[in-house]
Amino acid sequence: MPSLTVPSPLGPLTLTSAGGALTSLDWRDGPAEGGDPVLDEAARQLADYFAGKRANFDLPMRPAGTAFQQRVWELMSRIPYGQTLTYGAMARELGSAARAVGGACGRNPLPILIPCHRVVGGGGAPGGYSGFGGVETKAWLLGHERRMSLVHP
């Protein structure tokens with residue numbers, strides 16, 4: 001499968017695609033097989049996101065997961081830039097349990113692009129984050145979005 005590693009303020013991110021759609025974003029440096037227009041566009045959109053020029057991603061994505069995980073990821077994708085939703089609120093909307101929502105968040109194969117960092121615990125608790133750097137990375141992403149929301153409303 002084609003892959004491309006791109007720089008970010010959080011370290012290298014490796015994007016992978018298959019069949020014309022993104023399938024994963026990993027927090028690591030990986031081999032660059034390049035020459036894939038989907039990966040090139042994803043790299044451009046991620047650069048714009050980190051530069052504060054983009055709030056949403058317009059990319060073909062095909063994350064592998066269960067039907068429930070797909071529902072959670074679709075709901076996550078609707079959380080507005082710079083805002084959050086609690087695991088409990090998502091669970092109520094999906095007719096599920098907060099722990100199940102948290103499990104689906106942790107298995108999100110396209111972090112940042114499918115914004116699992118926007119899902120937080122109740123009472124202001126950050127909740128977990130499976131990406132490199134854990135909760136510190138989650139806090140950085142949320143802070144970045146809040147700062148950019150103030151600059152680019």
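The radius of gyration is taken over C-alpha atoms, and the globule rule is 2.2 Å times the number of residues to the power 0.38. For 153 residues a compact globule would have a radius of gyration near 15 Å, and the chain agrees, with 15 Å. This is a predicted model, in which local features need pLDDT of at least 70 and side-chain atom pairs count only at pLDDT 80 or more, while totals for chains, interfaces and linings use all residues. Residues are numbered from 1 along each chain as its sequence is written, and side-chain values use heavy atoms, with hydrogens and water left out.

**Overall chain**

- Along the principal axes, the C-alpha atoms fill a box of roughly 45 × 35 × 25 Å.
- Of the 153 residues, 48% are buried (under 20% relative accessible area, with exposed over 50% and partly exposed in between; 1.4 Å probe, protein chains only).
- The accessible surface (Shrake-Rupley method, 1.4 Å probe) comes to about 7400 Å², and carbon and sulfur atoms account for 57% of that surface.
- Among contacts (heavy atoms within 4.5 Å) between residues at least 6 apart in sequence, 57% join residues at least 24 apart.

**Elements**

- The chain has five helices and five strands, which are DSSP runs numbered from the N terminus (helices H or I, at least four residues; strands E, at least two).
- Their order from the N terminus is β-β-β-α-α-β-α-α-β-α.

**Helix 3 against helix 4**

- Helix 3 (residues 87-94) packs on helix 4 (residues 98-106) at an angle of about 105°, and their axes are 8 Å apart.
- Axes are lines fitted to C-alpha atoms, for helices over the stretch in contact, and angles run from 0 to 180 degrees between N-to-C directions.
- The two helices are therefore roughly perpendicular (65 to 115 degrees; under 35 is roughly parallel, over 145 roughly antiparallel, the rest oblique).
- Helix 3 contributes Y87, G88, M90, A91 and L94, which meet A98, V101, G102 and C105 of helix 4.
- By class, this contact has seven nonpolar, two polar and no charged residues.
- Nonpolar covers Ala, Val, Leu, Ile, Met, Phe, Trp, Tyr, Cys and Pro, charged covers Asp, Glu, Lys and Arg, and the others, Gly among them, are polar.

**A21**

- A21 lies in strand 3 (residues 21-26) and is buried, at 2% relative accessible area.
- Leaving out residues up to four places away in sequence, A21 touches T16, V38, P60, M61 and R62.
- A21 and L59 are 38 residues apart in sequence, with 7.6 Å between their C-alpha atoms.

**I112**

- I112 lies in the loop between helix 4 and strand 5 (119-120) and is buried, at 1% relative accessible area.
- I112 has a positive phi of about 75° although it is not a glycine.
- Most residues other than glycine have a negative phi.
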